Amino acid sequence: MSDATSEDQGPDVERIEVGRTMPSDAAEIFAVLCDPQGHVDIDSTGMLMDATGDPVAAVGDTFVVHMDREALNDYPLGLYDVTVQIETFDQDRDISWSILGQIRPQIGHTYGYRLEPLDEGTLVTSYYDWSNIDPTWREAGIFPVISEAALRATLGVLDRTVRRRGRTEG
């Protein structure tokens, strides 16, 4: 299994990347990442409760995710909604998004996935970048909200989800 990680980037890292080789092809994986319900299905934090909206197909597309911050037990935000806005979209290769919520100023962090076809499947790299967050949130010292372990766990859930969808659709 090929593995990418951010462990050696030092204490000032503002981006986490983890990778996992999956036996599925990139199109099957990308389909889950474009599906709003797919985001809920692969969430390892327990915060994503449901989603509404159509599958995304381009930069600027959006959908709504219904959240429960109590799953992290860090801030008493309870139930709330955020809008996922697609920032990069390269079919079967790269997708990223920012989170638009009720909080002002907007935070400015980005999540995404890069997919690299391999002979034995696809190398999927998940990343979480908070290098462009608003200074208000940088001063609050709350980043990263999601740990490297949570990103790695989400890759495992993504792998399982893609395999299960393949069995039910094929």
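Predicted model: local features only at pLDDT ≥ 70, side-chain atom pairs only at ≥ 80, totals over all residues.
Let's start with Tyr111, which is buried at a relative accessible area of 16%; buried here means under 20%, with exposed over 50% and partly exposed in between, using a 1.4 Å probe and protein chains only. Numbering runs from 1 along each chain as its sequence is written, and side-chain values use heavy atoms, leaving out hydrogens and water.

Now, who is Tyr111 paired with? Its ring and that of Tyr128 have centres 4.7 Å apart and planes at 10°, so this pair is stacked. For the cut-offs, rings of Phe, Tyr and Trp (its six-membered ring) pair if their centres lie within 6.5 Å; planes under 30 degrees apart count as stacked, over 60 as edge-to-face and the rest as tilted. Tyr111 sits in strand β6 and Tyr128 in strand β7 (residues 121–129), 17 residues apart. Strands are DSSP runs of E, at least two residues, numbered from the N terminus. Tyr128 is buried too, at 0%.

The whole structure holds five aromatic pairs. Another of them is Trp97 with Tyr111, stacked at 6.3 Å centre to centre and 20° between the planes. Trp97 belongs to strand β5 (residues 94–100) and Tyr111 to strand β6 (residues 110–118), so the pair ties together parts 14 residues apart in sequence. Trp97 is buried as well, at 7% relative accessibility.

Put together, Trp97, Tyr111, Tyr113, Tyr128 and Trp130 make up one aromatic cluster. Thanks, everyone!

Technical notes:
Helix = DSSP H or I, 4+ residues; strand = E, 2+ residues; numbered from the N terminus.
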